[in-house]
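Please walk me through this structure in plain terms.

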Amino acid sequence: DPPRVIIEISDSHKVKVLSVLMFCSGRYVDDGGDGFRFSDVAHGKCVELRDGNRTAVRTSSYNYGIVLSEAALPDDEVFEIRLSQLNSKWSGSLGIGVTSLSPKLLRNNLPQTAASLKSQSIIISSSSVVRDGLKIKEQYCSSLDGLVSNSVVGVACLSGGELHLYIDGVDQGVAAYDVPSPRYAVVDVYGMVVSVSIEPSASRIRRNPARITLGQVMPAERNLSGSSVSSLDEKKVVLQQLVGGSPCEYEALARRFFDSLVIPQVFLETRFDRCYCRRCHEERGEKDYYNRGKPESLYAIPVGWFRFGLSVSSAAKANNADETHHRAYHGTSVDRIRPILDTGYLLLPGDVALGGDKIVEGKGHYNDDWKPAGFDTKKLFLSPTIKYAGLEAYARKHGYQDSKTSKKYWARVAFQVWIRPETYEKGKSTMGAKNVDPRISDDEIEWSTCVRGAAHLAGIVVKLDEK
C-alpha cells in the first residue's frame with residue numbers, strides 16, 4: 001500500500017499532519033540483515049570497540065574519538081546510535097554525519113574531530129552543518145550539545161541525495177543536498193560523550209523518504225473534496241500518496257544555488273519550501289491563481305520558480321497575516337537578501353540598510369530625476385504576480401555557475417510577502433509594462449505603500465535560467 005497520512009482540515013483551510021499510517025512513528029521494519037557495526041579498520045586512537053563492534057568507548061582525552069560504519073549506508077535507511085555514557089567534566093558533544101571515503105581509505109588519516117574531515121564528508125556538530133571542513137549552515141537543528149544520556153541520534157541519506165538528521169526519532173530536516181555515494185556513517189565520540197552504541201534494530205528500520213513531518217501545517221492549495229478524502233464531517237481525512245518522491249532536477253538546482261548564498265538557518269522554515277516548476281506544480285493539481293486575504297485579492301502562483309520558506313515573524317503571527325493579508329512579490333537583487341533578512345522587513349528608497357547602504361530606485365524605474373510630476377518614488381513597490389515583480393528592473397540578474405554540472409545560469413530572486421490590505425494602493429505599471437499577466441489587470445499590476453512593516457516576509461522565490 002502507498003504511504004497514507006492522516007491530516008486535519010481547519011476552518012482556515014490549513015492542513016495539519018496528525019499522524020503517519022503504515023509505519024506509525026515514520027518507520028517500518030525490514031527483516032533483512034543482522035545490524036550495523038563500527039569498522040575496526042579505521043577509528044580514532046582514543047576509541048575502543050566492544051560488543052561485537054557495536055559499541056564505541058573513548059578511553060582517554062576528549063577527542064580522537066571518530067568511528068565509522070563498517071558498511072556503506074543504503075538509501076532511505078537510518079543509522080542510529082544511543083548515547084550510553086556521558087562525562088560532564090568535558091564540554092562539547094557528539095558529532096555525526098557521513099563520508100564517501102571508506103574506512104580503508106581513512107586508515108591512519110583520521111583527524112582529531114569529525115568536523116575537521118576535509119574531503120567528501122558532511123558532519124553535524126553542535127547545531128551547525130560542516131561540509132569538507134567548511135560550515136555551510138548554522139542553527140540547523142537543536143544543539144547536539146544538549147543531548148542527555150540515552151538520547152538516540154541518527155542519520156539517513158534519501159534516494160534523492162538528501163542527508164537528514166534524527167534526534168530521538170524526530171526528523172530535523174535536510175542537512176545537505178547532493179550527498180555523493182557511497183555513504184559511510186561517521187560518529188565523533190567527543191567531549192562529554194564517552195560511549196555510544198548502535199541501536200540493535202538500526203539495520204532493520206527504514207524511513208519512508210517523505211519530506212513531511214508530524215505537526216506540519218501547510219496551505220490546502222489543492223482540491224480536498226476528491227475521492228482521496230473521507231470523513232470531512234470529522235475534519236479528518238486520509239490523503240494517499242501525499243508524501244514520497246525525491247526532489248526534481250530543478251529543485252536540486254535551486255537548492256544548490258540557495259546553499260551558495262549561505263543564508264543562516266535561523267531565517268528559514270524548510271517545511272514551507274515548494275517547487276513551482278511546471279512539472280511539480282501540475283503534479284500537485286494546483287491552480288495558477290488563488291484568492292487570499294480578507295477581503296480576498298487575486299494573486300498568481302510563482303510557476304517556474306522555487307520558494308524557500310522563511311520563519312514567520314511574531315508580528316505576522318500576532319496579526320494572523322497568513323489568513324488575513326494579501327499575497328504579493330517584491331523583486332530584488334541577490335546581494336540585498338541578507339540585509340533585508342537582517343532588518344526583518346522591506347525598506348523604502350531613501351532608507352539606509354544595515355551595513356550603511358542607501359536604498360535607491362532600481363534601474364528602469366521612476367526616480368527623483370525621472371518621474372511624472374507629483375509622483376512619490378519613496379514607496380515600496382510590489383505586485384500580485386511574479387511575472388511583473390520578476391522583471392529585470394526589480395529582480396536583477398545574478399550570474400551563477402552550478403557547483404555540480406558547471407553550467408552557467410542567470411539567477412533572479414524575489415521576496416514573497418503578506419501585505420496588510422488597507423495599507424497599499426493598486427495601480428498601473430510605473431515602467432510602462434503592459435499585458436504582463438493575463439489574469440491581473442494592467443490597472444492593478446503594481447502595488448505601492450509608504451508604510452514600513454506593512455509587508456511581512458513569507459518566502460524567497462528563485463528562478464534560474466541557463467545562459
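In this predicted model, the charged end of K467 lies over the ring of W410, at 4.2 Å from the ring centre.

The model has 9 aromatic pairs. One aromatic cluster is formed by F36, F38 and F79.

Nonpolar side chains come next. In soluble globular proteins, such side chains tend to be buried together. Here the largest nonpolar core has 38 residues, and L341, F415 and L464 have the most contacts inside it. At least two residues of this core come from each of helix 2 (249-260), strand 24 (306-309), helix 6 (337-343), strand 26 (380-382), strand 28 (408-419) and strand 31 (455-466). Strand 28 gives the most, with 6 residues. Beyond residues up to four places away in sequence, L341 touches I263, F267, L310, F415, L457 and I460. Another core lies apart from this one; it has 36 residues, including V47, F79, V155 and A185.

The next topic is a sheet. Strands of a sheet pair through backbone hydrogen bonds, either parallel or antiparallel. In this model, 7 strands form an open sheet with antiparallel pairing, in the order 5-6-17-8-13-14-15. Strand 5 (47-50) and strand 15 (170-176) each have a single partner strand, so they stand at the edges and one side of each is left without a neighbour in the sheet. From one strand to the next, the twist averages 25°. At one of these edges, strand 15 pairs with strand 14 (residues 163-167) in the antiparallel sense over 4 bridges. Within strand 15, V174 is the residue that stands opposite H164.

Strand 8 (residues 79-86) contains Q85. Is Q85 buried, partly exposed or exposed? Its relative accessibility is 41%, and therefore Q85 counts as partly exposed. Which residues is Q85 in contact with, leaving aside its neighbours within four places in sequence? They are M192, V193, V194 and S195. Q85 and S195 are 110 residues apart in sequence, yet their C-alpha atoms are 4.9 Å apart in space.

Notes
Residues are numbered from 1 along each chain as its sequence is written. This is a predicted model: local features need pLDDT of at least 70, side-chain atom pairs count only at pLDDT 80 or more; totals for chains, interfaces and linings use all residues. Side-chain values use heavy atoms; hydrogens and water are left out. Rings of Phe, Tyr and Trp (its six-membered ring) pair if their centres lie within 6.5 Å; planes under 30 degrees apart count as stacked, over 60 as edge-to-face and the rest as tilted. A charge sits over a ring if NZ of Lys or CZ of Arg is within 6 Å of the ring centre and within 35 degrees of the ring normal. Buried means under 20% relative accessible area, exposed over 50%, partly exposed in between (1.4 Å probe, protein chains only). Contact means heavy atoms within 4.5 Å. Two strands pair if DSSP finds at least two bridges between them. Axes are lines fitted to C-alpha atoms, for helices over the stretch in contact, and angles run from 0 to 180 degrees between N-to-C directions. A nonpolar core is a set of buried Ala, Val, Leu, Ile, Met, Phe, Trp, Tyr and Cys residues joined through side-chain atoms within 4.5 Å.
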